[in-house]
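Subject: A structure for you to look at

Hi there,

I am passing along a structure that you have not worked with before. Have a look at it first, and then read on for my notes.

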Amino acid sequence: MLEESSLQPEWLSEEVSTGTTIIAIAFEGGVVIGSDSRVSAGASVVNRVMNKLSPLHDKIYCALSGSAADAQTMAEIVNYQLDVHSIEVGEDPLVRSAATLVKNISYKYKEELSAHLIVAGWDRRAGGQVYVTLDGLLARQPFAIGGSGSSYIYGFVDAEYRQGMTKKDCQEFVVNALALAMNRDGSSGGVAYFVTIDKDGTDEKCILGNKLPTFFDE
Amino acid sequence: MLKCFTDNRFNTHGQRLTVHFDSPNLYGAVPEVSPAKGDPSSAHRPINTTTIMAVEFDGGVVIGADSRTTTGAYIANRVTDKLTKVHERIFCCRSGSAADTQAIAEAVSYQLGFHSIELDEPPLVQTAANLFKQMCYRYREELMAGIIVAGWDKRKGGQVYTVPMGGMLVRQPVSVGGSGSSYIYGFIDSNYKTGMTKEECLRFTADALALAMERDGSSGGVVRLAAITEAGLERSVILGNQLPSFSA
């Protein structure tokens, strides 16, 4: 029989990470941003229904990955900074502003933090936008994937993405990509959350595990 | 024009981080493990960090691989043939250490030839796969070899067996291996269907390998394909400028 070498289970001393899959894609007039829901500490799943899509403002969301604590803190700080900024300018903030605030924190505390946030949203000036802030760089992309599960879906997203996809196409793209990554990555799983943001508002959806798309070997 | 950018910083695990600006999607942060200077074990041996793939269809198999062999950052061979014959209708796709996999393939090829003479008929693919597995499992600590065995025999038709590092053996309808394989699991899972024809399998394999070569720095060059059926073997090559391209 296995003997516990300490009185505490291993997972209590492992760092909690949202080893995860996150994805965001822009379409004409908005964005769709999605994530899985697994939070792991070593081999243990400490939260199987965590929503990793965090609102930074009414029409700007970010997706969290990497160390859970670092990512949550960054999102909270940027949420506060954006509120102050939007009061100062007297109107809704730009997605680029939100992304820049995230990037500033990522870059300044690069050595200490290990979290990556994808920022996506809609604003009046430039419509739907997706920004990556990996390692403290800031870049706008038509779509972005991140987290440990993203490695497995690079081929899929490269093959499936086309310019000019509709909102419905983008939602399907996000859900399929999440399902594929969740099937292959041990650190991703649970349910799929996705949020659709356009000029009319934000629409949050959750797809339960047994309703996710299935593939040939399931 | 985007230029290549190297950041000489280290991440929290002491590994050097490099962010590459050489593609429209700026996702290239890859930890580069730099061995300590003067460390003799860091002598860069040739490895096929690669992408290999095999697919079964009714009547045979299609196998494919990229063509890059690296020693460290240098590409020692940009037109490698990683699809190695071990018998008339049985091939293996090699990934990992070039020397290890070549030696294993030669040894198994010899054993299979001998076995086939004793039997007085062509060997089974399952036999070849088990010979690979026995060698890879027995010498698992010394070897760095990930092998996919595929071929055709009279008893079960087209078969694909994968023998990853560590020496397990399992039959799969479609199998990928090598460093580039991580990137195409999603593509394979969503695009594979049972009942594909030989031409569809060739197309599927070429697409998957092209996608992996696009994303994995250790895979590249040309795509080598082979279709193995009862009638025989058909080899083909897709050159770099003729590879399927994707809008991203």
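Let me begin with a helix in chain B. Helix H4 (residues 198-215) of chain B lies across S4, S5, S13, strand S14 (223-229) and S15 of chain B. Its direction is at about 160 degrees to that of S4(B). Please keep in mind that this is a predicted model.

The strands under discussion belong to an open sheet of five strands in chain B, with the order S13-S4-S5-S14-S15 and antiparallel pairing. Its edge strands are S13 (174-177) and S15 (232-238) of chain B, and each of these pairs on one side only. From one strand to the next, the twist averages 10 degrees. Glu56(B), for instance, has Val61(B) in S5(B) as its bridge partner.

Now to chain A. An open sheet of five strands is found here too, in the order S11-S2-S3-S12-S13 (chain A), and the pairing is antiparallel. Strand S11 (143-146) and strand S13 (201-207) of chain A stand at the edges with a single partner strand each, so one side of each has no neighbour in the sheet. On average, neighbouring strands of this sheet are turned by 10 degrees against each other, direction ignored. S2(A) and strand S3 (residues 30-35) of chain A run antiparallel and are joined by six bridges, and in S3(A) the bridge partner of Phe27(A) is Gly30(A). Helix H4 (residues 167-184) of chain A packs on the sheet, where it touches S2, S3, strand S12 (192-198) and S13 of chain A. The direction of this helix makes about 165 degrees with that of S2(A).

One residue deserves a visit of its own. The UniProt annotation "active site", from an unreviewed entry, covers Thr20(A). You will find Thr20(A) in the loop between strand S1 (16-18) and strand S2 (22-27) of chain A. Is Thr20(A) buried or exposed? Its relative accessible area is 0%, so Thr20(A) counts as buried. Leaving aside residues up to four places away in sequence, Thr20(A) touches a set of residues including Asp36(A), Lys52(A), Gly147(A), Ser148(A), Asp185(A) and Ser188(A). With Asp36(A) there is also a polar contact, side chain to side chain, at 2.3 Å.

Enjoy exploring!

Best wishes

Methods. Residues numbered from 1 in each chain as written. Chains lettered and ligands numbered in written order. Predicted model: local features only at pLDDT ≥ 70, side-chain atom pairs only at ≥ 80, totals over all residues. Heavy atoms only, no water. Pairing = 2+ DSSP bridges. Helix = DSSP H or I, 4+ residues; strand = E, 2+ residues; numbered from the N terminus. Axes fitted to C-alpha atoms, helices over the stretch in contact; angles between N-to-C directions. Contact = heavy atoms within 4.5 Å. UniProt positions renumbered as here; feature names shortened; annotations may be inferred. Buried < 20%, exposed > 50% of the residue type's maximum accessible area, 1.4 Å probe, protein only. Polar contact = N/O pair within 3.5 Å; in protein donor to acceptor, adjacent residues only side chain to side chain.
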